[in-house]
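Colleague: I have not worked with this structure before. Could you take me through it, please?
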Amino acid sequence: MTRGLPRTLSRAAAREAGLAPPKSGLKAVTTGQGGSWRTVLSLNAMQVPVTDALAYASQKLFDFADGKVRIKGGTARLQFAVLTTRASTINDNAALTWSLGSAAASSATLAGTMVNVLASTGRTLDGAGAALSTASTADIAAAATLDGSTTPVDLYLNLAFATGTDIDADGTLAVTGTITLLWENWGDNA
């Protein structure tokens with residue numbers, strides 16, 4: 001990247017679009033201008049704790065700037081690893097469902113605003129021990145407009161286990177991969 005004014009203006013524009021919360025293993029790079037943006041979220045062994053009592057979890061990935069946000073499209077390619085002992089926490093071949101939404105997971109059935117950016121995607125945790133599972137990919141199928149004019153829109157990675165036999169005690173997942181979003185900020189009419 002060049003130095004000086006072009007770099008300063010590029011960084012200022014990216015901050016204006018939104019930011020990723022500070023989280024080990026999470027990096028966001030936003031490019032664009034004039035309200036049209038491309039955000040690439042890179043996850044590198046980002047840890048997400050999952051409690052046995054709930055069998056679901058979420059991690060905030062991005063805070064959009066104020067205004068109506070139009071998600072135009074995007075892709076995701078994620079891999080999951082279990083960092084805790086599999087026999088006593090998150091079991092071998094557990095059935096995981098994941099999604100992207102504007103609300104954090106609130107049940108083991110991901111629906112509504114928990115899946116309004118990227119629909120629920122099923123995945124078997126086929127990695128042995130702490131090894132990564134095979135990649136799970138998904139595309140954002142339908143454009144969505146999210147109203148962040150009163151409260152800015154957030155983006156969450158939501159995770160859930162469908163049955164109690166998939167998780168026996170609190171465990172930790174590590175998520176690795178890339179999420180690319182193409183989106184617009186339509187402004188705030190308030």
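Modeller: Let us begin with a term: two strands pair if DSSP finds at least two bridges between them. Please keep in mind that this is a predicted model. In it, strand 6 (residues 95-101) pairs with strand 10 in the antiparallel sense, over six bridges.

Colleague: Which residue is the bridge partner of L100 in strand 10?

Modeller: The partner of L100 there is L157.

Colleague: What is the strand order in the open sheet?

Modeller: The open sheet has five strands in the order 1-4-10-6-7, and the pairing is antiparallel. At its edges are strand 1 (18-19) and strand 7 (118-124), each of which pairs on one side only.

Colleague: What holds paired strands of a sheet together, in general?

Modeller: Strands of a sheet pair through backbone hydrogen bonds, in either a parallel or an antiparallel manner.

Colleague: Changing topic to charges: how many salt bridges are there in the whole structure?

Modeller: A search of the whole structure gives five salt bridges. One of them joins the side chains of D63 and K60, with 3.2 Å from N to O.

Colleague: Which residue forms a salt bridge with D154?

Modeller: D154 forms one with K60, and their closest N and O atoms are 3.6 Å apart. D154 lies in strand 10 (residues 154-161) and K60 in strand 4 (residues 56-64), so this pair ties together parts that are 94 residues apart in sequence.

Colleague: Why does D154 count as buried?

Modeller: Its relative accessibility is 19%, and buried means under 20%. D154 therefore counts as buried.

Colleague: What about D126: which residue is its salt-bridge partner?

Modeller: D126 forms a salt bridge with R123, where the closest N and O atoms are 3.5 Å apart. D126 is partly exposed at 35% relative accessibility, whereas R123 is buried, with a relative accessible area of 13%.

How values were computed:
Residues numbered from 1 in each chain as written. Predicted model: local features only at pLDDT ≥ 70, side-chain atom pairs only at ≥ 80, totals over all residues. Heavy atoms only, no water. Salt bridge = Lys/Arg side-chain N within 4 Å of Asp/Glu carboxyl O. Helix = DSSP H or I, 4+ residues; strand = E, 2+ residues; numbered from the N terminus. Buried < 20%, exposed > 50% of the residue type's maximum accessible area, 1.4 Å probe, protein only.
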